[in-house]
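Welcome! Here is a short briefing to read alongside the structure, with the details grouped by topic so that you can find each one as you go.

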Amino acid sequence: MVLAMYNTLFCLLCFVSFTDANTSPTIDNFVYRVCEDTPKGELAFKINASDAENDPLTFTLSGPNAAFFNVEKDTGRVFISQQLDRESNDVVRVNLVVSDGPNRTPGELTIIVREANDNKPTFLESSYDATILENTPVGASLFSALATDRDISSGGIVYYSIDEVVPNSGINLFSISTTGEVRLNGSLNYNSLSTFYQLKINATATESKKDIHGVFANTTAQVQINIIDINDNKPEFYKCGDSCVKAAYFTGEVLEHSFGSISINMTVKDLDRAPRTLLIMDGEDKDVFSLEPQVLVSSINVQLVVKQPQKLDYEVKQHMVLQVIAIDEEESTFRSNATVNITIKDINDNSPTFPKDSYKLSVPEHAPNGTVISNFTAEDPDTMDQGKITYRLLPDSILLYFNVDSRTGTVFVRNSTLLDREVRSLHSVTLQARDSENQTGSTELEITVTDINDQYPVINRDSYQVFVKEGAKCAVEIKVKIFLICQKRTTEGLDMKLKGKYLVTVTATDTGGLFTNTELEIFTVDESYKVELEFTSSEQEVEEKLNEIINALTAATKATVKIVAIRSDTAALARQGFCGNTVIVAYFVYGNGSALTSAEVEKMLSHPDHYLILRQLGLKNIGNAPLISTEPDPLQYILLGIVAGLVIVLLVLLTTLLCTRRNYKRKLKAAKAMKSATMVTSDNQKSAAVVPGTNKYTMEGANPVLNLNMDTAIALGLDEETSDVDKDSLSSLDNYEDFSKETDSVKQIIKEEDDEERNGPQVFDEPLGAALALRNKKKDKNHFGLTLNNPAFSTTDL
């Protein structure tokens, strides 16, 4: 029920919010027109925008062109903040944002800049020269002086007029059309009228009011007209102003190192009709300038043009004198001379310079503020910079320590407190000089801060702890920063009656009487507490890991570890066949002066919490490590079973081989006995052979092998791999011819068997062996052979 009411209330609120939503304002106009000559601060236009709820609107302009306008935030009125120029930008676009509070409407305004007559006409050339014959007909076109106006519409139409003619008598001789064409209105007379005319042409734009500069848009151009006559006079030099007068001395001015022409108000006239006059220069500095023009065909104004500006140096020469010679080209005897004096004016073309590139200075530390370190003066040959050079120190960070008088160049101390030699003893400073046109020169200053006795000695540690053997003398090195290094020595042996601890105050005093104290704690330790720790690492490795080793030992014993010595245990290692072991000799001392024995240290280091870390650091003989139980590995038992099985198989094979060899030897011996038996004579022996193991019949007529053909080799256990010697020995039994005759081989066998009997009585396993043994008895000298007649022993028994 509650959930249903909550959903109904939520939908009602959403409906009310939707019906009461505030709409965004609307921009009604995006294009406006503004005249380019609208003054700054004047109203340009008002932004048209509306809002359905009539909420108050605010207006904001942005974008690159927003700087041209200033908008009233609440009214939307836009004022000019920068002057507009249609010729530069005829359409200006500005971003606009209109807001009624909760809603914002962006847009882009387009401002069209309207034309205003604010440009004056411009001639295509700054000046015009014309040369005409004195018999030029009236109405002839002399030249055109065309001017243009950047303004459009009617503001771009140009009207021409001749405002001035020199000499004034020729005011009616010339006219100019609406197109800028200059014409001759009257007749010229070379003898009675002027031979040179100078016109001032005015070009005026059509406009109904003054432009933004407060004047009507117009411009002027100078026109020089020369009249040509016949050649019957020598050329002459004139100075022309309102009128021209003969002159032989001219002056001009030029800025040093500058290009361009020099006006010397020189005019060369030749009263002859159509003269050709050649102008040449003479003098020491003639190569610096050239004359324009160099060849004259009429009276014309002559100018000097600079050719080598590098030689115009005010600091070297202030004046140059030239001789100008005018020669009639048709008649070289017609000539005139004029002197021109050129004055070279100075410009600021030099930077200030210091007498030296660098200076080495010194100042005592903590010198009072305002202490003068040195005075510096930069030189500048330019006249306009005399007395106007200013000074400053660089970089700006150096101003924390020093400063310079900007007018006099005096360098002085600014902050006495920061000037501390113990903090910074050398300052590198750049002293810069600047002239009236911001040209700079500099020099480097190395300011050394000299020392004064203002620092207490500084001992590098607040306190010292020293461990010495009981009864020994103590030598302690105490390092004092900067000033000295001292040693504190006891004059007599230390005694354990003081319970192993001494407290000594050490005072470090410098030559100025300033001193610093520190506390020295001396612990006496009996040599019996010395502990030697053997490491498997080399001495160099132990040195590198010494901090780790000390930390581990301290953590294990909770005592202060004092390392006495680190050495390589070379003698012990040589006996054991090892190399690289190192011995650390140390004491383990507590703060109360008590120490640990070797056994106590070994017990603590053998603790499972610490011995593994020490083992990794190379310590050996620190006690047995705790046994770590491991689970049985089934694979080991499988391998052991396989190995045991292989051993059993090997033993079986070896036993079989031995038995086989024994059986083979027995059979071979039986074969040898058989062969020997066939050679023995007997009364009851038949003539046929008696061969045991064959199908031959014996004297008793028995057939021991069932009258079967049997291979002797098979019967004796000999296969194909049996040696040929064995087979031949068996085959020899079948080739018996004379039983009563003993061969040499049989005799040899009998001899070998006799030798065997001499060694003692033999024990036979079978009756055959015992029977064969009887054959070996020696025969009588009168008896040819031995006959065995034993009815109880037959070949069947064999």
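Is glutamate 539 buried, partly exposed or exposed? Glutamate 539 is partly exposed, because its relative accessible area is 31% and the partly exposed class lies between the buried class, under 20%, and the exposed class, over 50%. Keep in mind that this is a predicted model.

**Patches on the surface**

- Glutamate 539 belongs to helix H2, which covers residues 539-544.
- One of its members, leucine 646, sits in helix H7, residues 634-678.
- Leucine 646 counts as exposed because its relative accessible area is 57%, and the class begins over 50%.

**Salt bridges**

- Side chains of opposite charge can pair when their charged atoms come close.
- Across the whole structure, a search finds 10 salt bridges.
- One of them joins arginine 77 to glutamate 72, with 3.3 Å between the closest N and O atoms.
- Both partners are partly exposed: arginine 77 has a relative accessible area of 33%, and glutamate 72 has one of 27%.
- Another salt bridge pairs aspartate 396 with arginine 392, and here the closest N and O atoms are 3.0 Å apart.
- Arginine 392 is partly exposed, at 35% relative accessible area.

**A salt bridge between distant parts of the chain**

- Aspartate 285 and lysine 317 also meet through their side chains in a salt bridge, at 3.3 Å from N to O.
- This pair links distant parts of the chain, since its members are 32 residues apart.
- Aspartate 285 is in the loop between strands S23 (277-282) and S24 (289-292), while lysine 317 is in the loop between strands S26 (300-306) and S27 (319-328).
- Aspartate 285 counts as buried because its relative accessibility is 10%, whereas lysine 317, at 25%, counts as partly exposed.
- Salt bridges with shared partners join Glu284, Asp285 and Lys317 into one network.

**Strands side by side**

- Which residues of strand S21 (residues 249-255) are on its covered face? They are Phe250, Gly252 and Val254, while Tyr249, Thr251, Glu253 and Leu255 make up the uncovered face.
- Strand S21 runs parallel to strand S28 (residues 335-345), and seven bridges join the two.
- Leucine 255, from the uncovered face, has lysine 345 as its bridge partner in S28.
- Glycine 252, from the covered face, has isoleucine 342 as its bridge partner in S28.
- Isoleucine 342 is also the bridge partner in S28 of methionine 320.
- Strands S27 and S28 pair in the antiparallel sense, over nine bridges.
- A hairpin of six residues joins S27 to S28.

**A buried phenylalanine**

- Phenylalanine 237 lies in strand S19, residues 236-240.
- With a relative accessible area of 2%, phenylalanine 237 is buried.
- Along the chain, phenylalanine 237 and alanine 326 are 89 residues apart, and their C-alpha atoms are separated by 8.1 Å.

Conventions: Residues are numbered from 1 along each chain as its sequence is written. This is a predicted model: local features need pLDDT of at least 70, side-chain atom pairs count only at pLDDT 80 or more; totals for chains, interfaces and linings use all residues. Side-chain values use heavy atoms; hydrogens and water are left out. Helices (H or I, at least four residues) and strands (E, at least two) are DSSP runs, numbered from the N terminus. Buried means under 20% relative accessible area, exposed over 50%, partly exposed in between (1.4 Å probe, protein chains only). A salt bridge is a side-chain nitrogen of Lys or Arg within 4 Å of a carboxyl oxygen of Asp or Glu. Two strands pair if DSSP finds at least two bridges between them.
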